[in-house]
Amino acid sequence: VIKCKAAVMWEANKPFSIEEVEVAPPKANEVRIKIVATGICRSDDHVVMGALVMPFPIILGHEAAGVVESVGQGVTSVKPGDKVIPLFVPQCGECSSCLSTKGNLCIKNDLASAVGLMPDGTSRFTCKGKVIHHFAATSTFTEYTVVHESAVAKIDSAAPLEKVCLIGCGFSTGYGAAVQTAKVEPGSTCAIFGLGGVGLSVVMGCKAAGASRIIGIDINSDKFAKAKELGATDCVNPKDFKKPIHEVLIEMTGQGVDYSFEVIGRTETMAAALACCQYNYGVSVIVGVPPATQEITFDPMLLFTGRTWKGSVFGGWKSKESVPKLVADYMKKKFVLDPLITHTLPFTKINEGFDLLRTGK
């Protein structure tokens, strides 16, 4: 058993509490990882705020990089000392989604079921005598974590962990939504709702795919300079208009955009993103985590005329095989990650990090 520091969320809408936790050794087919760097993602905050329902107490975090400390019996894909990225979408290699070329959401994921435990139904974390839940097969807001072998990828030993941790979620999710899920084509027109880290990664994906017009939409105009630096051709603040944003976008483009992406997690913007894409062959992709218990009401004529509405988890990448390739592409300078990193804080200042996230900084 390793005793270490972790940021425990005891209940919703409270600050993280830095606690000493006990991390049990890995069982068969499990891997214990020393976390070196972790990103803060809005999906973690959705759990704090109750929009993504998970059991408490819990150790959140799912976007990270680290080094294997030890492995359980039967583990073959990684060994102690390997640099790795934990995978919040596992890849078991055996279920229908893993075996299909069409999908990537392995049946072993814990996003929809929200059990908050290892695949064998138990936890590896205890604190003050209480069992602490895992989050999304990863739990990275801790100095050590335990994951199933299907939820970890070995990466280049030369990779800078404080940068490639973003490949564990934000970058891959946004970039993949454009190049994998939507399959944006050269010359197309795209609209991206939400210009946080994931939205900016969608912008990079659209640019890499050769889109001729990339329109960024955010109610925080401070986000526009970086969006343009990464490839956005236009930036629009819905607060500057009296009419609905989808009407603004249709006027800007003539018939609407070829591809739209909702990268916020709000039902209103999901509906607007669908409405702003071309009436017949437009494709709209939901990338932001939908809020719990909310439903969307929309005019079915929007779909009847031919539009496609789809969702994308982790950018459509098959995680265990794709993450090492994405890290290799980063090492070859095929894309940048530095602009996505605004602040680097010590682990004990995690609450300040979340404050920065919530204020749009």
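# Contacts, sheets and helices in a predicted model

User: Leaving aside its neighbours within four places in sequence, which residues is Thr 181 in contact with?

Analyst: This is a predicted model, so everything here is computed from it. Contact means heavy atoms within 4.5 Å. With neighbours up to four places away in sequence set aside, the residues in contact with Thr 181 are Gly 176, Val 285, Lys 310, Gly 311, Ser 312, Gly 315 and Gly 316.

User: Is Thr 181 buried or exposed?

Analyst: Thr 181 lies in helix H4, which spans residues 170–182. A residue counts as buried under 20% relative accessible area. The relative accessibility of Thr 181 is 11%, so Thr 181 is buried.

User: How many Å apart in space are Thr 181 and Trp 317?

Analyst: Along the sequence, 136 residues separate Thr 181 and Trp 317. From C-alpha to C-alpha, the spacing of the two is 8.9 Å.

User: Which residue stands opposite Thr 126 in S6?

Analyst: S6 runs antiparallel to S2, and 2 bridges join them. Thr 126 touches Val 21, Glu 22, Val 131 and Ile 132, once residues up to four places away in sequence are not counted. Of these, the one standing opposite Thr 126 is Glu 22.

User: What separates the C-alpha atoms of Thr 126 and Pro 57?

Analyst: Thr 126 and Pro 57 are 69 residues apart along the chain. Their C-alpha atoms are separated by 10.0 Å.

User: Which are the edge strands, where each pairs on one side only?

Analyst: The 4 strands form an open sheet with antiparallel pairing, and its neighbouring strands are turned by 45° against each other on average, direction ignored. Each edge strand pairs on one side only, and these strands are S1 and S7 (130–132).

User: In S7, which residue is the bridge partner of Cys 127?

Analyst: S6 and S7 pair in the antiparallel sense. In S7, the residue bridged to Cys 127 is Lys 130.

User: Are H1 and H11 roughly parallel or roughly perpendicular to each other?

Analyst: Helix H1 (residues 42–49) packs with helix H11 (residues 350–358) at an angle of about 100°, and the axes are 11 Å apart. Angles of 65 to 115 degrees count as roughly perpendicular. H1 and H11 are therefore roughly perpendicular.

User: By class, how many nonpolar, polar and charged residues has the contact of H1 with H11?

Analyst: H1 brings Arg 42, Asp 44, Asp 45, Val 48 and Met 49 to the contact, and H11 brings Phe 354, Leu 357 and Arg 358. By class, that makes 4 nonpolar, no polar and 4 charged residues.

User: Which are the buried residues of H1?

Analyst: H1 is mostly covered, with 6 of its 8 residues buried. These buried residues pack against H11. They are Ser 43, Asp 44, Asp 45, His 46, Val 47 and Val 48.

User: Which residue takes a positive phi just after H1?

Analyst: H1 covers residues 42–49. Just after H1, a positive phi of about 90° belongs to Gly 50.

Conventions:
Residues are numbered from 1 along each chain as its sequence is written. This is a predicted model: local features need pLDDT of at least 70, side-chain atom pairs count only at pLDDT 80 or more; totals for chains, interfaces and linings use all residues. Side-chain values use heavy atoms; hydrogens and water are left out. Axes are lines fitted to C-alpha atoms, for helices over the stretch in contact, and angles run from 0 to 180 degrees between N-to-C directions. Angles under 35 degrees count as roughly parallel, over 145 as roughly antiparallel, 65 to 115 as roughly perpendicular and the rest as oblique. Ala, Val, Leu, Ile, Met, Phe, Trp, Tyr, Cys and Pro count as nonpolar, Asp, Glu, Lys and Arg as charged, and the others, Gly among them, as polar. Two strands pair if DSSP finds at least two bridges between them. Buried means under 20% relative accessible area, exposed over 50%, partly exposed in between (1.4 Å probe, protein chains only).
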